Structure formats: structure tokens, C-alpha cells
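Subject: Structure for you to look over

Hello,

I am passing on the structure we spoke about. Please look through it when you have time; my notes follow below it.

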Amino acid sequence: MISQVLKVIIHRIVNGEFVWERLRGDGGMPSSHSATVASVAVSTGFVAGWDSPVFAVAFFVAIIVMHDAMGVRQETGKQAKVLNNMLMIMQDAFENELTPEETLKEFVGHTPLQVFVGCGLGILIGILMNFR
């Protein structure tokens with residue numbers, strides 16, 4: 001939840017406008033997926049032990065999720081942007097209005113910096129939640 005709220009704030013600072021969709025949307029700074037899996041992995045290390053098989057699974061799941069956020073999902077967002085541009089050209093040519101449901105979502109992946117910051121946030125939250 002913290003990373004999702006930060007997305008709204010950071011988007012406001014960078015773009016000068018509040019976009020409440022950022023609160024529940026994919027993509028953006030920081031990566032909520034990365035924050036979540038990093039926090040789970042750190043918490044698992046504290047609870048189950050840093051040398052436990054459960055921590056090893058949580059760690060590798062976190063790596064896979066973060067890699068996917070930067071790889072496949074980032075490329076999907078780039079492709080959506082190109083396809084949306086093509087749809088706009090077709091819309092202008094045929095004077096046909098597209099509904100929001102007919103356009104593709106462009107914020108689906110993350111840059112390496114967004115994943116890194118999300119991971120750092122998740123590690124920090126995992127540590128803070130396990131010190132009582």
C-alpha cells in the first residue's frame with residue numbers, strides 16, 4: 001500500500017497532476033510488485049531463518065517477479081504504446097471514436113530503477129515490520 005500511495009505522489013511531482021488511477025494501476029515508480037516480494041522474502045528470512053528452504057523459495061520468487069517486471073511486462077507496455085499510436089492514426093483517418101476499453105494499457109512494466117527502488121522499499125518495510 002505504501003508503494004501505491006508513493007506512485008500517486010511521485011506522479012504528481014513529476015507530471016504536475018494527480019492521477020488517482022496510479023493508486024491501483026500497474027507500472028510507475030516505485031514497483032509495488034518488487035516491494036511486495038522483497039518484503040515477503042525479508043520477512044520470511046526473519047521468521048523462518050535465512051538458511052531455510054522457505055526463505056530460498058521466497059528469495060527466488062522475488063527475483064523472478066522483479067525480472068519479469070523489467071522484462072516481459074516492460075516490453076508489453078512499449079508494444080501497447082506503439083499499438084495505441086497506430087489506433088489513433090486509424091481513428092483520425094476513419095473519423096471513428098475509440099472508447100477507453102478499446103485502447104491498450106501502457107503502464108504495465110517497470111524500468112530497472114523503478115524495480116530497484118521498489119525492492120529497496122520492500123526490504124526496508126520487511127526489516128521495520130520484523131523489529132518489535
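Gly-45 touches Trp-50 and Phe-55, if residues up to four places away in sequence are not counted. The model is a predicted one, and Gly-45 sits in its helix α2. With a relative accessibility of 2%, Gly-45 counts as buried, the cut-off for that being under 20%. Phe-59 is 14 residues from Gly-45 in sequence, and the C-alpha atoms of the two are 8.9 Å apart in space.

The helix that holds Gly-45 covers residues 32–48. Its length can be checked: at 1.5 Å a residue, the 17 residues of α2 should span 24 Å, and the C-alpha atoms at its ends lie 23 Å apart, so the two values agree. Just past the end of α2 comes Gly-49, with a positive phi of about 105°.

Gly-45 is one of several buried residues in α2; the others are Ser-32, Ser-34, Ala-35, Val-37, Ala-38, Ser-39, Ala-41, Val-42 and Thr-44. What covers them? The cover includes α1 (2–15), α3 (53–70) and α5 (112–129).

On the α1 side, Ser-3 is worth a look. Ser-3 belongs to helix α1 and, at 5% relative accessibility, counts as buried. Apart from neighbours within four places in sequence, Ser-3 is in contact with Pro-30, Ser-32, Ala-35 and Leu-121. Of these, Ser-32 and Ala-35 are also on the list of buried residues in α2.

Next, the helix pairs. Two packed helices are described by the angle between their axes and the distance between the axes.

For α2 and α5, the angle is about 35° and the axes are 7 Å apart. The crossing of this pair is right-handed. From α2, the contact draws on Ser-34, Ala-35, Ala-38, Ser-39, Val-42, Ser-43 and Phe-46. From α5, it draws on Val-115, Gly-118, Cys-119, Leu-121, Gly-122, Ile-123, Ile-125, Gly-126 and Ile-127. By class, the residues of the contact of α2 with α5 are ten nonpolar, six polar and no charged.

For α3 and α5, the axes come within 9 Å and cross at roughly 150°. Angles over 145 degrees count as roughly antiparallel, and α3 and α5 are therefore roughly antiparallel to each other. The crossing of α3 and α5 is right-handed. Met-66, Ala-69 and Met-70 of α3 make the contact with Pro-112, Val-115 and Cys-119 of α5. The contact of α3 with α5 consists of six nonpolar residues, with no polar and no charged ones.

As for the chain as a whole, how many helices and strands does it have? There are five helices and zero strands, and the pattern along the sequence reads α-α-α-α-α. Of the 132 residues in the chain, 35% are buried. Among contacts between residues at least 6 apart in sequence, 66% join residues at least 24 apart.

That is what I have for now.

Regards

Terms used:
Residues are numbered from 1 along each chain as its sequence is written. This is a predicted model: local features need pLDDT of at least 70, side-chain atom pairs count only at pLDDT 80 or more; totals for chains, interfaces and linings use all residues. Side-chain values use heavy atoms; hydrogens and water are left out. Helices (H or I, at least four residues) and strands (E, at least two) are DSSP runs, numbered from the N terminus. The expected span of a helix is 1.5 Å times one less than its number of residues. Buried means under 20% relative accessible area, exposed over 50%, partly exposed in between (1.4 Å probe, protein chains only). Contact means heavy atoms within 4.5 Å. Axes are lines fitted to C-alpha atoms, for helices over the stretch in contact, and angles run from 0 to 180 degrees between N-to-C directions. Angles under 35 degrees count as roughly parallel, over 145 as roughly antiparallel, 65 to 115 as roughly perpendicular and the rest as oblique. A crossing is left-handed if the near helix is turned anticlockwise from the far one by less than a right angle, and right-handed if clockwise. Ala, Val, Leu, Ile, Met, Phe, Trp, Tyr, Cys and Pro count as nonpolar, Asp, Glu, Lys and Arg as charged, and the others, Gly among them, as polar.
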